[in-house]
Amino acid sequence: MSAVPYMALISAFAGLALAGFYYKAVEAAPAGDERMQFLMTEIQKGARAFLKQEYTWVAFFAVAMMILIAIVIDPLASVSYVIGAVLSATAGYAGMTVATMANARTTEAAKDGPAKALPIAFRGGAVMGFAVAGLALAGLMVTYLVFVEWLEVDKAFEIVTAYGLGASTIALFSRVGGGIYTKAADVGADLVGKVEAGIPEDDPRNPATIADNVGDNVGDVAGMGADLFESYAGSIIAPIALTAFSVAGGLAAEDAGAQGVVELLMFPIAIAFVGMIASIIGSFLVKGGDSTDSKALSRALHMGTNVAMGLTVLGTVVVAYWMFGDAVGDEYGLAVSVIGGLLVGWALGKTAEYYTSDHFGPVKKIAAQSETGPATTVLSGISAGMVSVASSVGLIVLGVGVAYWGGEQTLGDGGGIYGIAVAAIGMLATTGVVVSVDAYGPIADNAGGIAEMADLDPSVREVTDALDSLGNTTAAVAKGFAVGSAALTALALFKSFELAVGQEGGSLSLNVGDVDVFIGLFIGAGLPFLFAALTIDAVGRAAAAMIEEVRRQFREIPGLREGREGVVPDSARCVAISTDASLKEMIIPGALAVVVPLVVGFIDVDTLGGLLAGALVTGFALAIFMANAGGAWDNAKKYIEAGAHGGKGSDPHKAAVVGDTVGDPFKDTSGPAMNILLKVMTIVSLVFASAFV
C-alpha cells in the first residue's frame, strides 16, 4: 500500500514525458509560409507578454497570502502553497506556448484536409492536458511524501491542503484575467468588424483580430489549464483531507466501517494513477478522418476520451477489490462511487453537448429565432441555458445519491461523504485526455484566424471552421466535468471544514433556523451573482475601449477598411488595450473569493458555513446556465454562417452575432470562473479553520 504514492508519481512523470513527446511532434510539423509564420509569431508575442504581466500582478497577491499562511497556519504550509501556485502557472504557460505554436501548423495541415489537421490540433492540446495532469499529480505526490510520510510534520494534512489553495489562487486570476482579455478582444472584433464594417471574422483589416487570437490562448488555454489543474488537485486532496480530519477529530476507522485509515488515504491516489495511465493510452487513439462532417470529427476526437474512461472503470474495480476486499459490506461500493462520478461527469458533458451543438434542437431553435431579431435570439439562448440547469441538477443529485450509497456500502455508517469525495476524482481521473480535447478548440479557432488573415484558399477555412465548431462543443463538455467536480469537491471540502472546526474545539451549525446561518445562506447565494456581474461588467468596459480603438483605426488610417495593399492595422495597440484592461479588472472579483470567507470566518464560523452552502448551490446552477447559454449562442451563429437562415451577412446572421456577443463573457469569463470561486472559498475556509476558532 505504501507504494501507491510512488506509483502515482511515476505515472505523473510518464504524463509529462508524453507532453514532451507531443511537443516535439507538433514542433516537427511545417508552419506554413512566411505570412502564416509572422501571424503565429505575433500571437505568441502577445500571449507571452500578457502572461508575464498577469503572473507579475498575481505574484503580489500570492506573496501576501503566503505571509498570512506562514503567520496564521504554519511556515511549511506557505511552502506548499507556493509549490501549488508555481506549478499551476507553469502548466498554463507550457500549454500556451505549444498552443501558439500549433495554430499555424494546424492551418498548414488543413490544406491537406482534416485527417492531417485534427491530429496536430489535438497533440497541441495534449501538451496542455498532460502538462496539467502530470504537474498537478507530481507536485501533490511530492508534497504528500515530504510532509506526511518522510518528515511526519505536525499539521501535515493542513500543509498538503495549502497546495490546493496555491493552485486555486492562480486558477482564479488566470480564468478571470484571461477571460476578460479574450472576450474584450472578441466582442470588439465582432461588433465593429462583422456588424458595423460587414467584414468577415478574422479579416486582416480588423485591428482587433490579433488580440482576439491572443485571447484564445491566454483565456481558453492558459486560463482553462490552470482551472483544470486546480480542479484535478482539489479532487484528490478532498478525500485525503476528509480522512485526515475525520481521524484527528476522533472519527477514526471504526466510524467509517472496519477499514484502516491507510486505505482511505491511498484510494484516491490509486484512482489518480489509474486515470493517468488510461489517459495516456487513450490519447494515442485520436486520429482524423477525411470528412469535415462534425459527427465524424466528434467520433474521432472523443475516441481517446471514451477509451480512457473505459479503462478507468476497469482499473477502479481492480483497485477497489485490492484495497477493500475485506470490507464490512460490499468491497465494490467505493468503485460504484468513483464510476458513478465518472459517468455523471460524462453525462453532464453530453447534456452540454445537446444544448450547445448545432445537431440538436436548442441551437437550431436559437438560429430560427434570429429571423426576428437580436431580442428573440437573446431570449431563446437564456431559455436554453436555464433549461439545461434542470437536467444538470438532476444528474448531480443522482451522482451524489449513488456516491453516498457506494460509500456506505463499503465503509458502513459515516462513509457516504467519503464516497461523494471520491466521486469527484472519478469525474476528473481522465483529466489528461479531457483537457487535451478542450485545449484543441482554441488551437483550431486560431488556425481558422490564420487561414483568413493569410488569405488562404477558402477550402482551408472550411476545414478549420469544421474543427472550430466541434471545439465549442468539446469546451462545453470539459466545462461540464469541471463544474460537476467542483460541486462534489466543494461538498467534501465543506465536510472537512466542519471536522477541522470541531478538531479545534469549536462547532459548526447548519441549522437554517439559526439567524447567523440564515444570514450566511443569503450572503453565499448572492456572491456568485455579484462575482458574475463584476466579471461581465469588466468585459463590457474593456470591450468598449476596444470598440472605440477599432472604429478610430478604420476612421483615421486611410485605405484600411477598403483593404488597400500595404496598409496594415495597428494590432499592437489593441493587444495593449486588452492586456491593461483585463489586468486592472481581474483584481476585485479575484480578491472577493478570498477576502469574503476570511472576513466572515473571523466574525462567525456558523455564518461562514451558511455562506459556503448558499454559494455552492447558486454557483453551480449559474455556472451551468452561463456555459451552456454562451455555447448555444456561439454555435447558432456558426450554424447560420454555414448557410442556414440566409447565411453570412443576412439580418438573422447579424442578430446571431449579437447573441454570440452576449454569450461570450457568459461561456468564457463568468461561467468558467464560477467553479473556481466555489472551491477557492471552501479551501480558504478549510486552510484557515484553525485560525477562525
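## Basis of the model

Residues are numbered from 1 along each chain as its sequence is written. In this predicted model, local features need pLDDT of at least 70 and side-chain atom pairs count only at pLDDT 80 or more, while totals for chains, interfaces and linings use all residues; side-chain values use heavy atoms, without hydrogens and water.

## Cavities

The structure holds 3 cavities of 30 Å³ or more (a cavity is a set of points on a 1 Å grid over the protein atoms alone where a 1.4 Å probe fits but cannot get out, and its lining residues have an atom within 4 Å of a point). The second largest cavity contains about 130 Å³ of space, a volume being the space filled by probe spheres set on the points.

Its lining comprises 18 residues, and Lys479, Gly480, Val483, Ala627 and Pro672 lie nearest the centre. Two or more residues each come from α6 (209–248), α14 (458–503), α18 (605–641) and α19 (651–687); α14 gives the most, with 5 residues. Helices are DSSP runs of H or I with at least four residues, numbered from the N terminus.

## Nonpolar core

The largest nonpolar core has 238 residues, among which Phe267 and Phe688 touch the most other members. Such a core is a set of buried Ala, Val, Leu, Ile, Met, Phe, Trp, Tyr and Cys residues joined through side-chain atoms within 4.5 Å, where buried means under 20% relative accessible area with a 1.4 Å probe, protein chains only. Helix α4 (residues 114–150) gives the most to this core, with 21 residues.

## Helix α11

The end C-alpha atoms of α11 (residues 374–411) are 55 Å apart, which agrees with the 56 Å that its 38 residues should span at 1.5 Å a residue; the expected span is 1.5 Å times one less than the number of residues. Gly412 follows α11 and has a positive phi, near 80°.

Methods: 1 Å grid on protein atoms, 1.4 Å probe; cavity = no way out; pocket = protein on both sides within 12 Å on 5 of 7 lines; lining within 4 Å. Buried < 20%, exposed > 50% of the residue type's maximum accessible area, 1.4 Å probe, protein only.
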